[in-house]
Amino acid sequence: MSAAPSQHADLNPTPPAKRMALADLVAGLSIAGLLLPEAVAYSSIANLPPQTGVIALFAGLLCYGLFGSSRFAIVSATSSSAAVLAAATASMANGDTGLRMTLAIGLVMITGLFFLLAGLARMGSVTDFIAKPVLRGFAFGLAIVIIVKQVASVVGVRPVHSDMTRFIPEMVMQIGRWNWISVAVMAAALALLFLFAQLRRVPGALLVIVIGVAAGQWLNLSQYGVGLVGSIHLQLATPTLPILSRADWLRLGELGFAMGMILYAESYGAICSFAIKHGDTVSPNRDLLALGASNLLSGLFHGMPVGAGYSATSANEAAGATSRLSGWVAALVMLAIVLTLLPALALTPEPVLAAIVIHAVSHTLNPMVFRPYFQWRRDRLVVIASVVAVLLLGVLDGLLASIVISIFMMLRQFSQSTISVLGQLGETHDFVNMRTHPDAQPVAGIIILRPNEPLFFANAERILSQARRSIGVASALHTVILSLEESPDLDSSSLEGLHDFFSFVNANGLRLLLARLKDPVYDIMKNAVAPAFPAASLSALSVAEAVHLALSAQQQTTPSIETIKGE
């Protein structure tokens, strides 16, 4: 007989739901001290009033808490979006502060609209449109730009040029005018931030602000030229659409697309990383809608663009969050802080705020993230080009250049694709590339060709020309098998190229079989029938079955042309 259970083992056990709620409460309390200072700090990067970052923070936490799919993601203003916003509005406003704010509102709303349209169109699967090397290079260069400009603001100099090749020398040439008291305050705040970062669940940024406010009042830092953040007027504006010209809206549309690309690439990276780590399932389309609602709400109430930043999301996960409840708790805590301590935040020394920004972006300033690309000898020039683009061209043009680089990478890979000649492995039904499998043997009288990339307008002619050359050097052929297993669809250029290829094969007295066609390709070929490939010849065969059919037809000496749909 088993022993009786202990009388005290299950007395008042804590239900799992309560334990999870308690963990979310602790996590929300922990990250609130990080999010509010960073929200104010990022507004300084965007050259906007401090309340814009706070409004964006509440909009992001509210909307993503309602509609998002990740239990760890924290949606708020990010350093990258703030820098892009600053560069975009500065280039269009030409010094007009009022117009700059109006343009910022319009850009945030358009970014939200792009997210909503992408979510409704179910484009969440397009998550890696910006290649990771490009994104990492852009983030690294952006971190340098943000840090250097924060230092320039602290020391009290304003270089004329914005590109780093001239900005840094101009800043150094004015070293005699630097405010070294501000530098010392920033250095002390940075040291405290890195010290507090070693202590988990300690709101280091909030503690540094409290210490900074106290030290600023005690030492009377303003008499040494150390500026303060100033009053934060957190008043909800009436939701209105900004009044802009058609040309301005068109320009904001271009910039909104770029802003959305960066925000989604950054957000999806953070969301996906922690989902994989914990075995969670997330919905990209649902997250697109959540990000769209967050940015649209933020724009309506005159806030900044928002995304799921890696640092805030990482802090939330490290603090022990188990659900999106932690974000709601953080929002309530920040609301309490805003209602009671907002005047005190206005007394924060600007060097302390700059230190918070520098500390927040410092995690991206790690050259070791580039090490794999140099070990693999892949994408090294792409990474370097992305960093240099930001430093030479500035944040906005560097962003657009990085996106162009990413698209160019994709087109270059597809356009330089090759074609493989397949052979049979022994007596099996496996047909593999004979270049990488020397033991594979060709089938007598048959050449089997397989494009290594999907056929589309940029590579169809190149691949089919390689196929013609492969046929030309082969001898004693009676059948050509073209396996299109890598092509999920075909555009009109590919169809025209295939039609010409059919004609070439027929002109050489050979039989052509198309193998392993996907359903959309099969349907297209059936609708694009021509004398060279009649509809009656369409069937569903694999490469092995196509080879069997070709050998049987040759033995019967019955000429036919088949178009084959494979598995």
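This is a predicted model: local features need pLDDT of at least 70, side-chain atom pairs count only at pLDDT 80 or more; totals for chains, interfaces and linings use all residues.
Student: Is F114 buried, partly exposed or exposed, and what is its relative accessible area?

Tutor: F114 sits in helix α4 and belongs to the nonpolar patch. Buried means under 20% and exposed means over 50%. F114 falls between these cut-offs, so it counts as partly exposed, with a relative accessible area of 33%.

Student: How far apart are the end C-alpha atoms of helix α12?

Tutor: Helix α12 covers residues 325-345, which is 21 residues. A straight helix would reach 30 Å at 1.5 Å a residue, and α12 falls short of that. Its end C-alpha atoms are only 26 Å apart.

Student: Where in α12 does the kink lie?

Tutor: Good follow-up! The kink is about 60 degrees and comes shortly before the proline P343. The residue at which it lies is L339.

Student: Is S326 buried or exposed, and at what relative accessibility?

Tutor: S326 is in helix α12, and the buried residues of that helix also include G327, V329 and A330. Leaving aside neighbours within four places in sequence, S326 is in contact with D24, A27, G28, I31, N316 and A321. The cut-off for buried is under 20%. S326 therefore counts as buried, at a relative accessibility of 1%.

Student: What is the phi of N220?

Tutor: Most residues other than glycine have a negative phi. N220 lies in the loop between α8 (204-219) and α9 (246-278), and it is partly exposed, with a relative accessible area of 37%. Its phi is positive, near 55 degrees.

Student: Which loop holds A476, another residue other than glycine with a positive phi?

Tutor: Phi of A476 is near 55 degrees. A476 has a relative accessible area of 68%, so it is exposed. Its loop is the one between α17 (460-473) and β6 (479-483).

Student: What share of the residues in the protein chain is buried?

Tutor: Let's step back to the whole chain, which has 20 helices and nine strands. The chain exposes about 26,800 Å², and carbon and sulfur atoms supply 62% of that area. Of its 567 residues, the buried share is 49%.

Definitions and conventions: Residues are numbered from 1 along each chain as its sequence is written. Side-chain values use heavy atoms; hydrogens and water are left out. Patches are made of residues with over 30% relative accessible area and no salt bridge: like charges are joined within 9 Å, nonpolar side chains (Val, Leu, Ile, Met, Phe, Trp, Tyr) within 5 Å. Accessible areas come from the Shrake-Rupley method with a 1.4 Å probe; for residues, only the protein chains shown count as cover. A salt bridge is a side-chain nitrogen of Lys or Arg within 4 Å of a carboxyl oxygen of Asp or Glu. Helices (H or I, at least four residues) and strands (E, at least two) are DSSP runs, numbered from the N terminus. Buried means under 20% relative accessible area, exposed over 50%, partly exposed in between (1.4 Å probe, protein chains only). The expected span of a helix is 1.5 Å times one less than its number of residues. The bend at a residue is the angle between axes fitted to the seven residues ending there and the seven starting there. Contact means heavy atoms within 4.5 Å.
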